[in-house]
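Open the model in your viewer and keep the selection panel to hand. The stops below say what to select next and what is there.

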Amino acid sequence: MPELPEVETVRRGLLPVLEGAVIARAEVNRPDLRWPLPDRMAERLTGRSVTALRRRSKYLLADLDSGETLLVHLGMSGRMLVSGAQISAFHHDHPAPQKHDHVVLHMEGGARVTFNDARRFGAMDLMPTDRAAEHMLLRDLGPEPFGNDFNEPYLAGRLKGRRTPIKAALLDQRIVAGLGNIYVAETLYRARISPLRLAGDLEEGQVRALVPIIRDVLAEAIEAGGSSLRDFRQATGELGYFSKHFQVYDREGEPCETPGCPGMVTRSVQSGRSSFWCPACQR
């Protein structure tokens, strides 16, 4: 499932084509994805200008001049692909239509934005922009990791007394928005904290260190274009390269990269999900 860096990478790739542009024609090729698509979706998008393209947690939000906002969630295999436009140094021609091109935005000027989702675990919705924060997928989200509301006192307050593992706490979208399994693993490795450690047992200095480490890991992943695992692609169709910099994630049985550490990366299962960590230096 794409995490914050992947979604932010897609947002930045879509910005030159969507923000400030007009949707000349919207093409909706099926009635549903994970959930039913909004009524009259093609009609409500056609002719509308995109006034801003934002991200909230793992969701893309395209504000329209109609007073509505298009919410997009990529799901497990969803891709937002740009064609017919100059992106970076390359011009991407229109490909032949594909079986799983479920929503296509034909932009004025000739560009095309295609939402392709083979597994249909993605989602789209339209909602009033001034009530977007109340949407069922957004209303319970915690602060953004790069925002001012996410800071050391806030995180210390949310973790205090919690008897859940620190990994589960950081994956809780009500505490901090956008983190997933990959970047929590990398964060805890850099912080030298075991994913099995109870959140409420962390020392004050460890909690303080988590905030800048989370931001550093996410910023590096965005700079690398995200992590290309399974189906993720950037809006240009290119791969993300942060996976080449994984220090623990998906490295079971390999030596720990901490200088002087004799440990090996191990995999544990927590709540049905894999945790990768070094028992020798993560305590």
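A crossing is right-handed if the near helix is turned clockwise from the far one by less than a right angle, and left-handed if anticlockwise. Keep that in mind for the opening stops. The model is a predicted one.

**Stop 1: helix 1 against helix 6**

Select residues 4-18, helix 1, and residues 204-223, helix 6. Look down through the pair. Their crossing is right-handed. The axes lie 9 Å apart, and the packing angle is about 40°. Angles from 35 to 65 degrees fall between roughly parallel and roughly perpendicular. Helix 1 and helix 6 are therefore oblique to each other.

Now show side chains. On the helix 1 side, pick Leu4, Pro5, Glu8, Thr9 and Arg12. They meet Leu218, Ala221 and Ile222 of helix 6. By type, this contact holds five nonpolar residues, one polar and two charged.

**Stop 2: helix 3 against helix 6**

The angle is roughly 120°, and the axes come within 9 Å.

Select Glu152, Leu155, Ala156 and Leu159 on helix 3. Facing them on helix 6 are Val207, Arg208, Leu210, Val211 and Pro212. The contact of helix 3 with helix 6 has seven nonpolar residues, two charged and no polar.

**Stop 3: the nonpolar cores**

In soluble globular proteins, nonpolar side chains tend to be buried together. Here, the largest nonpolar core has 39 residues. Colour Leu155, Leu159, Ile166, Leu179 and Leu210, the residues with the most contacts inside this core. At least two residues each come from helix 3 (152-159), helix 4 (166-171), helix 5 (181-191) and helix 6. Which helix gives the most to this core? Helix 6 does, with nine residues.

Centre on Ile166. Leave aside its neighbours within four places in sequence. Its contacts then include Leu159, Leu188, Ile193 and Leu210. Also in contact with Ile166 are Ser194, Pro195, Arg197, Leu198, Ala199 and Leu202.

Next, go to the other core. A second, separate core has 31 residues. Ala21, Leu64, Leu105 and Phe115 are among them.

**Stop 4: helix 5**

Select helix 5. How many of its eleven residues are buried? Ten are, and the helix is mostly covered. Click along Asn181, Ile182, Tyr183, Val184 and Ala185, all buried. Carry on through Glu186, Thr187, Leu188, Tyr189 and Ala191, also buried. The cover over the buried residues of helix 5 includes helix 1, helix 4, helix 6 and strand 12 (273-277).

Step past the end of the helix. Arg192 follows helix 5, and its phi is positive, near 60°.

**Stop 5: Gln206**

Return to helix 6 and select Gln206, which sits in this helix. Is it buried or exposed? Buried means under 20% relative accessible area. Gln206 is at 17%, so it counts as buried. Beyond residues up to four places away in sequence, Gln206 touches Ile193 and Arg197.

**Stop 6: Arg112**

Move to strand 9, residues 112-116, and select Arg112. Its relative accessibility is 19%, so Arg112 counts as buried. Show what is in contact with Arg112, leaving aside neighbours within four places in sequence. You will find Leu81, Val82, Ser83, His94, Pro95, Val104, Leu105 and His106.

Now draw a distance from Arg112 to Arg79. The C-alpha atoms are 13 Å apart, with 33 residues of separation in sequence.

**Stop 7: two loops with positive phi**

Most residues other than glycine have a negative phi. Select Ser57, in the loop between strand 2 (50-56) and strand 3 (59-64). Its phi is positive, near 55°. Ser57 has 1% relative accessibility and therefore counts as buried.

Finish at Arg120, in the loop between strand 9 and strand 10 (123-128). Phi is positive at Arg120 too, near 60°. With a relative accessible area of 34%, Arg120 is partly exposed.

Definitions and conventions:
Residues numbered from 1 in each chain as written. Predicted model: local features only at pLDDT ≥ 70, side-chain atom pairs only at ≥ 80, totals over all residues. Heavy atoms only, no water. Axes fitted to C-alpha atoms, helices over the stretch in contact; angles between N-to-C directions. Helix = DSSP H or I, 4+ residues; strand = E, 2+ residues; numbered from the N terminus. Parallel < 35°, antiparallel > 145°, perpendicular 65-115°, else oblique. Contact = heavy atoms within 4.5 Å. Nonpolar A, V, L, I, M, F, W, Y, C, P; charged D, E, K, R; others polar. Buried < 20%, exposed > 50% of the residue type's maximum accessible area, 1.4 Å probe, protein only. Core = buried A, V, L, I, M, F, W, Y, C linked by side-chain atoms within 4.5 Å.
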